[in-house]
Amino acid sequence: MATFLYRLGRWAFVRRRLVTLLWVAVLAVCGVLAAKAPAAPDDGFAMPGTEAQKAFDLMNERFPGGHADGASARLVFVAPSGQKITAEPNQQAVERTVAELAHADEVTGAVSPFKAGTVSKDGTTAYATVSYSAKAGELSKGATDALEQAAQHGRDAGLKVEVGGNALMAKPEAGGSSEMIGMALSAVVLVITFGSLVAAGLPLLTAVIGVGLGMALITGLGSTLGLSSTTSTLAMMLGLAVGIDYAVFIVSRYRAELAEGRTPQEAAGRAVGTAGSAVVFAGLTVVIALAGLSVVGIPMLAKMGMAAAGTVVIAVLVALTLVPALLGFIGRRVLPRKARKGGVQPKKENGGSRWAKFVLRRPLAVLLGGVIGLGVLAAPALDLRLGLPGDESKPTSTTQRRAYDLLSEGFGPGFNGPLTVMVDVKGTPDPKAAASEVAKTVSALPGVVSVTPPMFNKAGDTALLNAVPATGPSAEETKDLVQTIRGHAAGLKTTTGATILVSGTTAMNIDVSQKLTDALVPYLAVVVGLAVVLLLVVFRSVLVPLKAALGFLLSVAAALGAVVAVFQWGWLANLIGVEQTGPVMSMMPIFMVGVVFGLAMDYEVFLVTRIREGFVHGEQPDEAIVTGFRHNARVVTAAAFIMIAVFAGFIGMGEPMIKMMGLGLAAAVAFDAFVVRMTIVPAVLALLGRRAWWLPRWLDRLIPDIDVEGGKLQTAAPEPAPVRESVGV
């Protein structure tokens with residue numbers, strides 16, 4: 001492989017104008033197609049195979065036109081202190097507000113609380129439910145403005161009015177200030193790392209081109225492949241991350257080859273032949289991690305993973321062709337001015353080599369310190385509770401959170417998460433009696449506050465009833481109650497002939513959490529297993545891939561421990577603006593595994609391939625470790641700092657789930673890059689010595705020799721260039 005990539009790098013360097021024009025043309029064509037492509041559909045958040053999803057689908061079938069998936073809002077009215085909401089002036093203000101909304105855009109229903117009976121027992125609080133035809137996040141501006149204006153009119157009348165539900169939920173948008181901040185921080189880190197504006201700008205330029213092409217393809221194929229706007233979020237984030245990393249690695253190797261006295265053309269070929277091989281296999285590990293999201297069984301996650309994997313493939317192709325082509329225009333200007341003038345040779349000693357020598361002097365102590373430290377940080381993860389945080393986790397500055405609190409005070413904590421029990425009475429001898437028996441059984445269960453009378457559809461074969469738990473939506477007691485109701489389904493089926501399904505937002509969240517928890521071990525097995533096989537081919541070693549996988553699991557466990565400590569236990573929560581503790585987002589473990597595994601294997605491949613290269617070329621094991629760190633520790637450190645800065649930027653955002661993702665990903669990258677890859681890895685390699693590269697003979701014969709280290713390039717004579725062009729000096 002190294003020889004092929006070497007030739008590719010030299011060809012791209014020489015044919016730089018052609019290669020650059022081809023990439024620009026492809027980007028322009030895809031951009032035009034994306035601009036003309038029809039809008040992508042909303043793929044929703046389907047959970048095939050779960051009971052809540054089955055009930056949801058049956059509800060849409062049996063209650064046509066009910067807009068079960070439409071947005072909804074809860075207007076919560078609280079009377080002034082010392083007054084009742086049922087007092088005539090207050091009641092009139094509520095009636096006017098609800099009547100105003102009933103005629104607003106996209107509203108399918110708005111019922112007064114005095115007609116619906118939704119007034120608290122103490123008479124101080126009432127709420128009105130407003131239903132919409134459009135889905136949450138897709139309401140028109142006119143509809144949301146009308147909702148906010150109506151609420152304000154109620155406040156002007158002297159009432160306390162807050163809006164709950166999902167009607168005011170903003171549709172997520174890719175891009176924005178976080179990406180711009182990330183690019184700015186990346187530029188600063190790269191300038192410090194390379195000491196050259198030209199060298200720092202090239203990775204940013206190629207990463208933007210790769211991400212732009214990936215986003216254009218996702219947009220252009222959105223309607224054909226069913227890719228929604230949310231699909232591109234992960235693709236943009238990871239495409240930018242790996243695009244910068246891969247370009248930085250090749251540029252860094254190009255600079256090292258120049259510093260050793262090679263011509264720019266030969267340096268480009270060798271950079272792509274050696275560093276490019278690492279890029280290919282690092283990219284493959286990321287693709288494996290992202291494509292593995294398909295085994296989880298959630299269509300939206302599968303599409304996000306495949307779209308992001310495609311963007312990573314584009315980043316690899318850009319690094320192997322466009323980067324050397326642009327290096328052809330830059331030439332030696334990629335070096336700092338002092339190095340260009342004086343022909344400075346590569347340093348034999350730097351921070352990376354000094355750190356490696358420190359680890360080599362006491363590898364066992366360093367290894368134990370790293371493992372114990374990560375183990376302590378991972379301890380809180382043993383108390384991990386998963387869920388999908390709702391309005392209760394939002395800041396108190398939001399109207400949704402205030403509405404949640406008012407409903408809890410007026411009607412009880414479980415009122416914010418009612419359970420929808422669907423009773424399929426089709427084919428039963430007495431449908432009404434069967435539904436009544438179900439309602440009676442559910443209402444008698446411990447933890448149930450109230451159950452509404454069964455509401456039948458027009459055909460009379462399906463009934464709905466709402467059960468209000470005594471505890472909040474994210475409480476463990478509510479989860480137990482859902483399982484208890486489902487546990488009675490078989491007995492009720494026998495006695496009444498009716499089929500019982502439990503759904504609703506709370507039940508759906510519980511099912512999502514359970515499905516993601518069940519999928520975590522198979523996902524880890526698939527992703528880690530395939531990556532170990534791939535790394536076995538790359539490093540031609542049994543122990544190095546196993547060490548890489550175990551180190552990754554340590555860093556992810558420590559990051560999850562940090563998330564639990566902050567968001568579930570409340571440690572240091574005030575420092576980052578977390579106002580309410582609760583369960584960890586259900587998708588967090590799998591999402592963290594998918595994203596961080598790819599980045600962790602990037603760092604592993606970048607660092608260890610350089611160590612193995614030194615070993616293969618005749619250096620002693622300890623000497624090869626020092627060589628690898630001298631050349632690549634600075635690059636891995638820069639890449640890690642860029643990712644940490646980008647992810648940490650999300651901690652300052654208002655949405656708790658975004659905060660959680662930012663903290664978790666930033667912590668995972670920090671632990672993996674600096675504790676695992678820069679500390680535990682050299683310590684383990686030092687303790688193993690030559691045994692680190694042990695491979696059974698029978699396995700050695702089976703595994704193809706792909707020459708990632710570029711051993712064949714050491715003796716190969718430079719190939720003549722097909723065309724000579726002037727190179728920047």
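Reader: In which helix is D672 found?

Author: D672 is part of helix α24, where a helix is a DSSP run of H or I at least four residues long, a strand is a run of E at least two long, and both are numbered from the N terminus. The model is predicted, so local features need pLDDT of at least 70 and side-chain atom pairs count only at pLDDT 80 or more, while totals for chains, interfaces and linings use all residues. Residues are numbered from 1 along each chain as its sequence is written, and side-chain values use heavy atoms, with hydrogens and water left out.

Reader: Why does D672 count as buried?

Author: Buried means under 20% relative accessible area, exposed means over 50%, and partly exposed lies in between, with a 1.4 Å probe and protein chains only. D672 has 1% relative accessibility, so it counts as buried.

Reader: What makes the pair D672 and R677 a polar contact?

Author: A polar contact is a pair of N or O atoms within 3.5 Å; within protein, one must be able to donate a hydrogen and the other to accept it, and residues adjacent in sequence count only if both atoms are side-chain atoms. The side chains of D672 and R677 are joined at 2.8 Å, so the distance meets the limit of that definition.

Reader: Which residues is D672 in contact with, leaving aside its neighbours within four places in sequence?

Author: Contact means heavy atoms within 4.5 Å. On that basis D672 is in contact with G551, F552, S555, A600, Y603 and R677.

Reader: Why does K659 count as buried?

Author: K659 has 7% relative accessibility, and therefore counts as buried. Its place is also in helix α24, residues 656–688. The side chain of K659 reaches the backbone oxygen of I576 at 2.5 Å.

Reader: Why is P545 called buried?

Author: The relative accessible area of P545 is 1%, so P545 is buried. P545 lies in helix α21 and is in contact with V532, L535 and L536, neighbours within four places in sequence aside.

Reader: Why is E106 put in the class partly exposed?

Author: E106 has a relative accessible area of 27%, so it is partly exposed. E106 lies in the loop between α4 (88–102) and β2 (107–110). Its phi is positive, about 70 degrees, although E106 is not a glycine.

Reader: Why is A71 called buried, and where is it found?

Author: A71 is found in the loop between α3 (51–62) and β1 (72–78). Its relative accessible area is 2%, so A71 is buried. A71 and G165 are 94 residues apart along the chain, and their C-alpha atoms are separated by 7.9 Å.

Reader: What makes a set of residues a nonpolar core, and how many residues has the largest?

Author: A nonpolar core is a set of buried Ala, Val, Leu, Ile, Met, Phe, Trp, Tyr and Cys residues joined through side-chain atoms within 4.5 Å. The largest has 176 residues, and L234, Y246 and M592 have the most contacts inside it. Helix α12 (residues 299–330) gives the most to this core, with 19 residues. A second, separate core of 28 residues includes A73, F77, V98 and A150.

Reader: Which residues does V287 contact beyond its neighbours within four places in sequence?

Author: V287, in helix α11 (residues 264–291), is in contact with A309, V312 and V313. V287 and V312 are 25 residues apart in sequence and 6.9 Å apart in space, C-alpha to C-alpha.

Reader: How many residues does the protein have, and what share is buried?

Author: The protein has 729 residues, of which buried residues make up 55%. The secondary structure comes to 26 helices and 11 strands. Among contacts between residues at least 6 apart in sequence, 80% join residues at least 24 apart.
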